[in-house]
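This report describes selected features of a single model, with the criteria behind each term stated where the term is used. The sequence and the structure are shown below.

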Amino acid sequence: MERLDWQGLDDAGRRAALARPPEAIDPGFLGQVREIIATVRRDGDTALRGYAREFERAELGSLRVSEAEFAAAEAQLAPEALRALQTAINNVTTFHLAQVPRDVSLETQPGVRCERLVRSIQAVGLYVPAGSAPLPSTAIMLAVPSRLARCPQRVLCTPPRRDGTADPAVLVVARRCDIDSVFKVGGAQAIAAMAYGTASIPKVAKVYGPGNRWVSAAKQLIAGDPQGAAMDMPAGPSEVMVIADETASATFVALDLLAQAEHDPHAQALLLTTSAELADRVAARIAQLVPGQPRRAILEKSLTAARLIVVPDLATAVAIAESYAPEHLLVQTRTPRALLGSITTAGAVFLGAWSPEPLGDYCSGTNHVLPTYGYARAYSGLGVGDFMRSMVVQELSTAGLEQLGPVAATLARLEGLEAHAAAVEARLERLRAMDARRAGLHS
């Protein structure tokens, strides 16, 4: 891993130090993704079975997971695994329940009532990857908030294994979160199937979940098509940034960096530390740990984009983090919470030595579907509100219109929109006529 001294870098060097691995999306690649989407739209389930044969080496009959498969899934998992999944579901439910948006209704002035009404998105598509490893934790992060949002139709797609079955842990999560529409479809073809619908898979309004570059590209393409489906957020490879001082454990920091680096060859791990000695110890510890890791090949590739950066003080570290906007930000300092007030652009923050990032991945309660690649500057991690939308309502009494109508007419004419003004003034004239008639009747 490359060790750098922030103070010794010029502007170009600092930009290079924080540069993310380039996204390998060229026009030829996007053309391949477009072809997959077009083929699924044209050939539906037949295309999905063909892609399962090509990419997963799986022969599929029914794409939908059967009741027998759900029942078998429970039996395949050890009691300890079932308890762990349920604990995670419970904690994620507890945290997300507090996030459920609520309606707003008030009078902005007498006779003028404004409301903001929250409604569930009617049909949502949940994508759970299973490429280099199945991710039942992602199933939890998608299934729980969509259930709390009370989305009427929830469709879950996950790649099949070579024997034509879905990962049993993913199925257990789906069943325990009341999802029975689960399909054995993966990759860009799953995104296309949910966005446009096939004979087996219903069309949805919005697609959620992480994935590889094929999935990410497909989500962006279908989101740009009015006939497609919206997407949860843009995302790239996983990333972690650790801010540490001399009190941090080199072993903890090294493992925290490796925990994200093992996700993907394009993942990035960065350390910002005020201690040159800690940087050296972390580098040495990583060198010791990597050879024994099962995902060593992935780590060796992703660590080429890793950096150990020595900074003059923690304020500089926070400023760098704010500029980088990491997906995961770990703060391992003497008083970690003291830095929290200055942090505004991370996807998720983990305070202190006893808050390892995998707790957020799995079971603390927060959501692990987070913005990456700098998108944390403008996007938030997934929550219940992402499975809902709101609409505003306004209702005026005659008194409210009489008071506020002239204001609207004046503003409309400031913008040169005469029909806008006329729509208001016609009603005001009608009210004056009604008042005149009433006055005549009582005279």
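## Sheet

Lysine 206 stands opposite alanine 230 in β8. The strands β7 and β8 pair in the parallel sense over two bridges; two strands count as paired if DSSP finds at least two bridges between them. Helices (H or I, at least four residues) and strands (E, at least two) are DSSP runs, numbered from the N terminus.

The open sheet is formed by five strands in the order β6-β5-β4-β7-β8, with parallel pairing. Because β6 (182-184) and β8 (230-231) stand at the edges with a single partner strand each, one side of each is left without a neighbour in the sheet. Helix α8 (residues 187-196) packs on the sheet and touches β4, β5 and β7. The direction of α8 makes about 175 degrees with that of β4; axes are lines fitted to C-alpha atoms, for helices over the stretch in contact, and angles run from 0 to 180 degrees between N-to-C directions.

## Basis of the model

The model is predicted: local features need pLDDT of at least 70, side-chain atom pairs count only at pLDDT 80 or more, and totals for chains, interfaces and linings use all residues. Residues are numbered from 1 along each chain as its sequence is written, and side-chain values use heavy atoms, with hydrogens and water left out.

## Helix α6

Helix α6 (residues 136-148) has 13 residues and reaches 18 Å from its first C-alpha to its last, close to the 18 Å expected at 1.5 Å a residue. The expected span is 1.5 Å times one less than the number of residues. Of the 13 residues of α6, 12 are buried, where buried means under 20% relative accessible area, exposed over 50%, and partly exposed in between (1.4 Å probe, protein chains only). The cover over these buried residues includes α5 (79-97), β4 (123-127), β5 (153-158), α7 (168-176), β7 (206-208) and α14 (357-362). Arginine 150, which follows α6, has a positive phi, near 60 degrees.

Serine 137 lies in α6 and counts as buried because its relative accessibility is 8%. Leaving aside residues up to four places away in sequence, serine 137 touches Asp361, Tyr362 and His368; contact means heavy atoms within 4.5 Å.

## Nonpolar cores

A nonpolar core is a set of buried Ala, Val, Leu, Ile, Met, Phe, Trp, Tyr and Cys residues joined through side-chain atoms within 4.5 Å. The largest has 42 residues, and those with the most contacts inside it are Leu126, Ile140, Leu156, Val182, Tyr208 and Phe387. Its largest share, seven residues, comes from α6. Apart from this core lies another, of 34 residues, among them Val33, Tyr127, Tyr196 and Val215.

## Salt bridges

The count comes to 18 salt bridges, each a side-chain nitrogen of Lys or Arg within 4 Å of a carboxyl oxygen of Asp or Glu. Glutamate 239 forms one with arginine 20, the closest N and O atoms being 2.9 Å apart. This pair links distant parts of the chain, 219 residues apart: glutamate 239 is in strand β9 (residues 239-244), and arginine 20 is in the loop between α1 (11-17) and α2 (27-43). Glutamate 239 is buried, at 2% relative accessible area, and arginine 20 is buried at 15%.

Glutamate 69 and lysine 184 also meet through their side chains in a salt bridge (3.0 Å, N to O). Glutamate 69 belongs to helix α4 and lysine 184 to strand β6, 115 residues apart; both residues are buried.
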